[in-house]
Amino acid sequence: MKILFKKGDPLKIKTDCLILGLFETEKLPREIQALDRILNRTISKAIQGKSFKGGLKESFFTFTLGKIEPLSILLIGLGKKEELTIDRLRQAAGISCGEARKNKASKICSLLINIERKGLARDLLAQAAAEGSILSQYRFLQHKTENEKNKKIEEIVFLALHDDKNAKAIANAVDVAKKICDAVVFARDMISQPGNIATPAFLANEARKMASKSGIKSKILDRKNMKDLGMGGLLGVAKGSEEEPKFIILEYWGGNKKDAPLVLVGKGLTFDSGGISIKPSQNMEEMKTDMSGGAAVIGALKAVSDLKLKLNVVGLVPATENMPDGKASKPGDVLATISGKTIEVINTDAEGRLILADALGYAGRYKPSAVIDIATLTGACFIALGRHASGLMGTDKELMDSLVAAGELTGERVWPLPLFDEYTEQIKSDVADMKNTGGRGGGAITAAALLKKFTSYKWAHIDIAGTAWIDDKDKPYIPKGAVGVGVRLFLQFLRDAETRKGK
Ligand code: BES
Ligand code: MN
Ligand code: ZN
C-alpha cells in the first residue's frame, strides 16, 4: 500500500474515494455545505432522512457523478466534537478505509488528518488519523495461494489543505505515523507466521536483517553462549525442543554515549505447547503468538531507528519453543538462572517467566536507566482485563505513570495491578529460591512477583496475554489476528522520554 502526503484542493484530486470527517451536528460546516450544493444536496438529504447524522463510526457513501474529480465521497461520523479523543479519530479513520474498500475503491484520499479539536494537539490527531487508516488495511495473506476476492486499497493520499499554516507539522505527523505503522506491520507479520516458520532462528534472522538495514547493532547468542552465561531458565525451557534457542540482542545508540540505555525485553516463545504440563488442544494453535512481546520489541527498535530518536535503546528477546519431549524439563526440576538464583519448575507451562528471568538478569549488565518487559505471560491477565487493556506491574511509579499516559494516547492502554510483597510469599519454594507458579489467586501478579526478583533497576512489566491477539471480531483499526500491541505504546513512551530529555 502506497502512503502519500499531498497539499491541494480536495475537489480537484483524482481519486476513487474522498474521505471526509463530520461531527455530529445539526448544521453542516461551511466546506461541506459547498460540497453538498455541488452534489445536489445529497448529504443534507441523508441527514434529514436520518440515515446519517455524523454519529461516531456512522458512514455515508455516494458517487459524485462527475460533478467533482473524486469518483465518490465517504463521510465518516466523528461523534460529538467535544467527545472526540485521539483514539476515536484513529478508530473512525480505520472504519472509513474499510468502508471505502467495501465500495471497491482502490486509490483513496483522506482529509481526516485535518481534523481539529480544542485541547488536542493537531499533530497527534493527524498522526492518529493516518495510523488508523493504515493499520485497518493490514492483511496477512502470505500463505493464501487462492486469489483474495476482496479488493485491496492500493494507495492512500493524506491531503492537507492549501492554506493550512500547520501543513508542515501535519506532513511530519504523517511521516511519523507511516514509520511507526511499518514497524507494527513488521511485528504483526512475525506474529501471524505459523510456528513451523517463525522458529527462534527465524526471529533472530528477521531481527538481524532489520538491524543491518537500520544501523542497529545486533548479536545473537546460541546455546553454547547461553551455557557460558548460565542462562539456565532459557535453556531449561528450550531442552524439550528440536529448535535451537536464540537470545537476540539489538542495540541502538542514538543518544549520548554515556547515557544509560533503556532496555526493552520481549518474550519470544515461538510456540508454547505447555511442555510436559501440556496444554489442552483446544485453541493451542494460538500459542504461535507467544512471541508477540518479542515481536513488539524488534518492531519498536526498527521504528526507533527509522525515527532517529536521540536515545539509547536496547532490545533483548529470549527466543525458544516450549515442547514436551524425553529431554524436556519436568515438574519438580530446579533451574539455575543467570543471576545465580534458582527456580523450582512446578508447571512447565509457566515457562515465560523462566526465560524472562534470564533476560532481565542479562539486562542488568547495561546498568540501564530503566527496563520494560512485555510478554504474553498469563491467562490470568486475560481473565482480569480482557482484550481492552494490558496488565501493568512494576517497581517505579514514574515509569509506570508514563506508560499509562502513552497507553491512553495510543489506545494501547495499560492498567496497573498491585505488586504487594505478600504476592511474593505465594512463590516460595521448599527446595529452591522460588517456584514458578503461585497458586490460583492473582496469577498475573505472582508471575510478575517472580520477575521482580531478577530486577535491580527501575522496572515495569506489561502482560499482553489478552491484548496480543484478537480472535473474535475485527476492531476498527485492528483486523482479527495479530495486534502488534506494544510497538505504538513503546514509541509514544520513548518519544515522550526524548522530549522530556530535551527540555
Ligand atoms: N503463554 C501462556 C499465557 C497465555 C495464555 C498467553 C493465553 C496468551 C493467551 C503462558 O506461558 C502460560 O501458559 N501461562 C500459564 C501459567 C500457569 C501454568 C501458572 C497460564 O496462564 O495458564
Ligand atoms: Mn505457557
Ligand atoms: Zn507461554
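Me: Why does Asp 349 count as partly exposed?
Reply: Relative accessible area under 20% is called buried, over 50% exposed and anything in between partly exposed (1.4 Å probe, protein chains only), and because Asp 349 has a relative accessibility of 21%, it counts as partly exposed. This is a predicted model, in which local features need pLDDT of at least 70 and side-chain atom pairs count only at pLDDT 80 or more, whereas totals for chains, interfaces and linings use all residues. Residues are numbered from 1 along each chain as its sequence is written, chains are lettered from A and ligands numbered from 1 in the order in which they are written, and side-chain values use heavy atoms, with hydrogens and water left out.

Me: What makes Asp 272 and Glu 251 buried?
Reply: Asp 272 has a relative accessible area of 3% and is therefore buried; Glu 251, at 14% relative accessibility, also counts as buried.

Me: How do you know which residues coordinate the manganese ion (ligand 2)?
Reply: Donors are N, O and S atoms within 2.8 Å of the metal (3.2 Å for Na, K and Ca), and sites may look incomplete because water is not among the atoms. At 2.1 to 2.2 Å from the manganese ion (ligand 2) lie Asp 272 (OD), Asp 349 (O), Asp 349 (OD) and Glu 351 (OE). Asp 272 coordinates the zinc ion (ligand 3) as well, the two ions being 3.1 Å apart.

Me: Why is the arrangement around the manganese ion (ligand 2) called irregular?
Reply: Four donors are tetrahedral if all angles lie between 85 and 135 degrees; four are square planar and six octahedral if opposite donors are over 155 degrees apart and all others between 65 and 115; anything else is irregular. The six donor atoms here subtend angles of 69 to 167°, which makes the arrangement irregular.

Me: What makes the link between Glu 251 and Tyr 366 a polar contact?
Reply: A polar contact is a pair of N or O atoms within 3.5 Å; within protein, one must be able to donate a hydrogen and the other to accept it, and residues adjacent in sequence count only if both atoms are side-chain atoms. The side chains of Glu 251 and Tyr 366 are joined by such a contact of 2.6 Å, and the side chain of Glu 251 makes another with that of Trp 253, at 3.1 Å.

Me: How do you know that strand 5 and strand 6 pair?
Reply: Strands (E, at least two residues) and helices (H or I, at least four) are DSSP runs, numbered from the N terminus, and two strands pair if DSSP finds at least two bridges between them. Four bridges join strand 5 (residues 107–110) to strand 6 (residues 155–161), and these strands run parallel.
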